[in-house]
Structure formats: C-alpha cells, structure tokens
Amino acid sequence: MEAFNYRKAGSADEAVSTLASAADGKFLAGGMTLLPTMKQMLATPDTLVDLGGASELVGISRDGDNLVIGAMTTHATVAGSAEVHSAIPALAALASGIGDPMVRNRGTIGGSIANADPAADYPAAVVGLNATVNTNKRSIAADEFFVDVFETALADDELVVSVSFPIPAKAAYQKFPNPASRYAVVGVMVAQTGDGVRVAVTGAGPSVFRASSFEDALGGNFSASALDGLSVSADNLNEDIHASAAYRANLVGVMAKRAVAAC
Amino acid sequence: MDIVGERVIDAPRDRVWDALNDPEVLKACIMGCEEIEQDSETELRATVVAKFGPVKAKFKADISLEDLNPPESYRLVGQGQGGIAGFAKGGAAITLEEVEGGTKLSYNADMAIGGKLAQVGSRLIGSTTNKMINAFFDALDEHFSAGS
C-alpha cells in the first residue's frame, strides 16, 4: 500500500470540506472495497477522509411511513434492528445475507450504494423499494441514482447522508449467491409499494435494473405463476467465469418467483 | 475477450475517417484520456486513466495503425502498461460503410488483460469495456453534432 494522509471527520460537513482540500481524496466508509483495492495498489488516493467519527450518519429511525437509515449504519446493525424487522423485514434479511460477518460489521449502506458494485445487494433494495437517497446537497430518487457499472448520480464531492425507504405493503429479496463471496450472481427484490409492484434486479447487468414486464404481470396477479413464460433478455447481461448471460437471464426469473412466493 | 459491435454515426464517411485519425478528436472522445501524441503517420502514444469502480490506474499505451485503406477500413493494434495494475493488449479491425443516415462503423476487437487488474477485476472488465465504447461513440456523435 502507498502512503496516504488519514483524516477523521467529526461531521458530514467537515468530511466534505476536508475532501475538498485534498488533491486526490476519497471518503472512507466501511472500507470493504476501497481498502483491499488500495492494498493491491490498484487505487492510490493521497487522502482518506474517514467518516467513522460522524455520528450523525449512523442510526435507524421511523419518519412517518418511511424508514430512514443513516449512511454509516453497518449491514449487521440493519440486519439486527428491531425497527427494520418490524417495518421492512425483507431489508433486514437482505442485510443479513451480505458478505461475511466481517463485511457486515464494517460495511455500510452508504458505502455500498456509493460504490455501486453491479453484484451488490443493497442497490436491489434501494430501487425495488423506491427509496430516496439523501446527500449533503439534494435528494435523489432511486430510479435516478444508479447510472451504470460503478457509476451513480453522485458528484465527486457529494456524500450520501441517509437512505429513506417507503415502507411497502409486502416485499422479499431472493438471491443466488456466489458461494465464496456471497455477492449476488443474481438478486431480485420484489415489493408491493404505494406506486405499484416493483421488481429490481442486481448482479445480472452492469447496474441494477427494473424488470418491467415482471412488474406489469405481478400488478395484475401477484403470484409466482403470473411470471410463467416471462423472461428478461440476455442481451447486455454480465458474463464471467461464474455464469453466462443466458444463465443469469434464467436466474432472474427463478429468483423473482422465489421472491414473490416469499412475500 | 472478443468485442464486436457497430454503430451508425451521423456524418459522412470521409469526415468520420478524418476524426478517427485526428489525435485531438480521439483525446476528447476517449474516456480518461489525458494525453495523446502522434509519433508518425501510423503510430500514437496515449496516456489513459482507466477507472474500474474503485480501481484507478494510469495506462501508457502504444498504438499503431495498420492495413490502412482510407476511408474504408484499418486495423488498430496496441498495448498498454499500467505499472503495478497490469497490462492490456489487443487489436481491432474497423470498417466504415456508407449507409442511410451517415456512416456505419463496425468493430471487431480482441483484447487481453493481465496482471493484478485481471485477477481482481475480471468480472468487471466486460461491462466496463462496453461502457467505455459507448462513451466513446457518444462523444464522437457530440463532436459531429457540435461541429456541423
């Protein structure tokens, strides 16, 4: 690892101003992707701004019909929260299936969605539940947040502060995990929300996407059999040593059915 | 890894050919390209900062143009060194065809990546490559619509 400056911010505002004064700085949340990348010397930022001291970024609260999760809240905290279990049990279950205990105890929701790994679990929850991402500058709708592989609507100096999830009538997440990393080869979040049925798919494409034909079918008949005969196109889906694009396309249907059945 | 595709560009063929052979246009259209220098008619040197999610690596690439058949076809052959991140090498056959609505550019590329980047990034390289190709053509479209 190359030498770098370490700065610990006590608040979100301080983190943003500290990053602005660095030549090539990065925010450090849980560090579950950034630190291994730096150890491999595949990224060499000159400054890390640790968000671990900004207590305002941690916590889970109810705000009317929304569940608001601070950006620096760890996966383990979300998985173990009574508040999350009672409001959106699917979200607690999703968080409990991310990575391994070390990742769940260090990794954060804000870090995960800002990184926008195409195989991460949280993007499926953010899009499937129609969440709003609140930053230090603005609020971003889920459908606008994830842009492409590792690309979000966030500006370089923009910090995720919290994620606000509208509480759905029903929701469930099912994934086919890579057995080593627990990354989603394909993961599907199905939810009955205030504005209809939403089906969000992670792991399959360069970025999370909605399966609109599945949403239409489930809007008319919310049962796994409504998805019989439907499929997503394998065009532009991910292909790697773990699964071909056609295999992933098939998994989208299988995981969506399981999710509907689990609702 | 094979990368095959085509795209119709809204410009006459000779102008597309000129743009693809103009280092300034290439620099503006290649995502992360910091510098591009022409050593001779057929040799280019480029410095590109490639971003694969958290990975940020600077590649120095030597590119040569072969089998030049203006304004119809040519072949790009190149290799890049990214220091500790690894290396990339590959070639691309490019053909330009006059079609309704402009020029159809077809590419058939073969690329190999080695070193650490290949070890940790193999699952990401396909989608990142597609993103860079699309960004290149979007920028090229913009170049023509701004210039005309």
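In this predicted model, the secondary structure of chain B amounts to three helices and seven strands. Followed along the sequence, these elements of chain B come in the pattern β-α-α-β-β-β-β-β-β-α. The C-alpha trace of chain B spans about 45 × 30 × 25 Å along its principal axes. A compact globule of 148 residues would have a radius of gyration near 15 Å, and chain B, with 15 Å, agrees with that expectation. Buried residues account for 22% of the 148 residues in chain B. Of the contacts in chain B between residues at least 6 apart in sequence, 45% join residues at least 24 apart.

Seven strands of chain B form an open sheet with antiparallel pairing, in the order β1-β7-β6-β5-β4-β3-β2. The edges of this sheet are held by β1 (2-9) and β2 (33-40) of chain B; each has a single partner strand, so one side of each is left without a neighbour in the sheet. On average, and with direction ignored, neighbouring strands of the sheet are turned by 25° against each other.

Within the sheet, strand β6 (residues 87-99) and strand β7 (residues 102-114) of chain B pair in the antiparallel sense over 13 bridges. One residue pair to find on screen is B:G90 with its bridge partner in β7(B), B:M111. Helix α1 (residues 13-20) of chain B lies across β1, β6 and β7 of chain B, and runs at about 165° to β6(B).

Chain B also meets chain A, in a contact that takes 18 residues from chain B and 17 residues from chain A. On the side of chain B that touches chain A, the elements giving two or more residues are β4 (55-69) and α3 (116-147) of chain B. The most comes from α3(B), with ten residues. By class, this side of chain B divides into nine nonpolar, five polar and four charged residues.

Turning to chain A, the domain assignment gives domain 1 (5-50) and domain 2 (58-262). The centres of these two domains of chain A, taken over C-alpha atoms, are separated by 26 Å. Their contact takes eleven residues from domain 1 and 14 residues from domain 2 of chain A. Helix α1 (residues 12-20) of chain A provides five residues, the largest share of the side of domain 1 that touches domain 2. That side of domain 1 of chain A has eight nonpolar, three polar and no charged residues.

Terms used. Residues numbered from 1 in each chain as written. Chains lettered and ligands numbered in written order. Predicted model: local features only at pLDDT ≥ 70, side-chain atom pairs only at ≥ 80, totals over all residues. Pairing = 2+ DSSP bridges. Helix = DSSP H or I, 4+ residues; strand = E, 2+ residues; numbered from the N terminus. Axes fitted to C-alpha atoms, helices over the stretch in contact; angles between N-to-C directions. Contact = placed C-beta atoms within 7 Å. Domains from an automatic or database assignment. Nonpolar A, V, L, I, M, F, W, Y, C, P; charged D, E, K, R; others polar. Rg over C-alpha atoms; globule rule 2.2 N^0.38 Å. Buried ≥ 20, exposed ≤ 12 C-beta atoms within 10 Å, placed from the backbone.
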